[in-house]
Structures are given as structure tokens and as C-alpha cells.
Amino acid sequence: MEQVALHYWWWILALVLIAIEVVLPGYFMLWIGIAAGLTGLVVLMAPGLSVLAQALAFAALAFLSCAAYWYWLRPRLVRDEPGEQRLNRRGEQQIGQRYVLAEAIVNGRGKAKVGDGLWLVRGPDLPAGSTVVVTGVDGNTLLVQALH
């Protein structure tokens with residue numbers, strides 16, 4: 001084992017840590033593995049480093065790589081999909097959509113064809129077949145306006 005250069009041991013440790021990340025995903029061991037790989041590069045460039053200096057370099061690089069993930073990369077990976085905030089509020093997902101009235105709006109109430117079903121709508125009196133746009137939701141009733 002004395003014949004294997006010390007930087008190779010850091011790279012082996014990096015591979016083991018990254019393999020653990022593959023088996024047990026969570027993004028944590030990946031960054032520690034990257035730090036081990038970088039420590040291997042440091043040891044390759046400065047082969048006379050003591051074990052203590054290598055351990056300190058590894059600790060510092062592990063901290064920096066985890067911090068880089070947490071403060072720089074992680075915010076860029078988080079996706080805020082449109083409609084995600086309204087995932088379980090189907091009526092609110094309809095806001096801005098256009099639909100055709102299946103039943104005329106009389107005295108402020110009617111029905112619109114939404115997908116393969118009918119939804120209650122409230123808005124100005126309009127004849128059946130009119131196109132409306134959803135402007136809001138009140139319970140399970142869509143608030144609509146005529147589309148001009």
C-alpha cells in the first residue's frame with residue numbers, strides 16, 4: 001500500500017462517497033465526495049502535505065462544497081411550476097381560462113362547459129354559446145365575464 005500515491009486514496013474515497021450517494025440519494029454525500037476528489041488534487045499538487053494538513057483541507061473543501069450547493073446551486077434547481085401553488089384548488093386553476101356557456105346566465109347564474117363537465121358560473125346575463133373568461137372563484141362557482 002505504500003507504493004500507491006496518497007492522492008489516489010483521496011480519489012478512491014471520493015468514488016466511494018459518490019457511490020453511497022447513488023445508492024442513498026440525498027445530495028449530501030455527493031458534495032463530500034467532490035471535496036475528497038478536490039483534496040486528492042491538492043495532495044497531487046503538494047505531495048509533502050502532512051496528514052493533519054490534508055484533513056484540514058478536506059474539512060474546508062467539504063464545508064465549501066456543501067455551502068456552494070446550499071447557497072448557489074440549490075436555489076437554481078428549485079423550480080416553481082405555474083399553478084403549483086393552486087395544485088389542490090381546481091377552481092383557481094381555471095382563472096384566466098376561456099369557456100363556452102352550456103346554459104345561459106340568467107339572473108347572474110349559469111353553467112359553462114369545462115373539459116367534459118359543467119361548472120356553475122356567476123356573471124352578467126349572457127346567452128348560451130357565449131364565450132366567457134374566468135376572473136375568479138367563489139367556492140365551487142366560477143366568476144366570469146363576457147369575452148368581447
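Begin with helix α1, residues 6–23, and select Tyr8 and Trp11: the two lie three residues apart in this helix, so about one helical turn separates them. In this predicted model, their rings form an edge-to-face aromatic pair, with 5.6 Å centre to centre and 80° between the planes. Colour both by accessibility: Tyr8 is partly exposed at 43% relative accessibility, and Trp11 is partly exposed as well, at 26%.

Next, select Trp10 and Phe58. Their ring centres are 5.2 Å apart and the planes meet at 40°, so this pair is tilted. The pair connects distant parts of the chain, 48 residues apart: Trp10 belongs to helix α1, and Phe58 to helix α3 (residues 51–77). Is Trp10 buried or exposed? Trp10 counts as buried, because its relative accessibility of 13% falls under the 20% cut-off. In total, the structure holds three aromatic pairs.

Now display α1 together with helix α2, residues 28–45. How are the two axes arranged? They pack at an angle of about 170°, 8 Å apart, and α1 and α2 are therefore roughly antiparallel. To view the contact, select residues of α1 including Leu6, Trp10, Leu13, Leu17 and Glu21, and residues of α2 including Phe28, Ile32, Ala36, Gly40 and Leu44. By class, this contact comprises 16 nonpolar, five polar and one charged residues.

Finally, select Trp70 and Arg74. The charged end of Arg74 is placed over the ring of Trp70, 3.9 Å from the ring centre.

Methods:
Residues are numbered from 1 along each chain as its sequence is written. This is a predicted model: local features need pLDDT of at least 70, side-chain atom pairs count only at pLDDT 80 or more; totals for chains, interfaces and linings use all residues. Side-chain values use heavy atoms; hydrogens and water are left out. Rings of Phe, Tyr and Trp (its six-membered ring) pair if their centres lie within 6.5 Å; planes under 30 degrees apart count as stacked, over 60 as edge-to-face and the rest as tilted. Helices (H or I, at least four residues) and strands (E, at least two) are DSSP runs, numbered from the N terminus. Buried means under 20% relative accessible area, exposed over 50%, partly exposed in between (1.4 Å probe, protein chains only). A charge sits over a ring if NZ of Lys or CZ of Arg is within 6 Å of the ring centre and within 35 degrees of the ring normal. Axes are lines fitted to C-alpha atoms, for helices over the stretch in contact, and angles run from 0 to 180 degrees between N-to-C directions. Angles under 35 degrees count as roughly parallel, over 145 as roughly antiparallel, 65 to 115 as roughly perpendicular and the rest as oblique. Contact means heavy atoms within 4.5 Å. Ala, Val, Leu, Ile, Met, Phe, Trp, Tyr, Cys and Pro count as nonpolar, Asp, Glu, Lys and Arg as charged, and the others, Gly among them, as polar.
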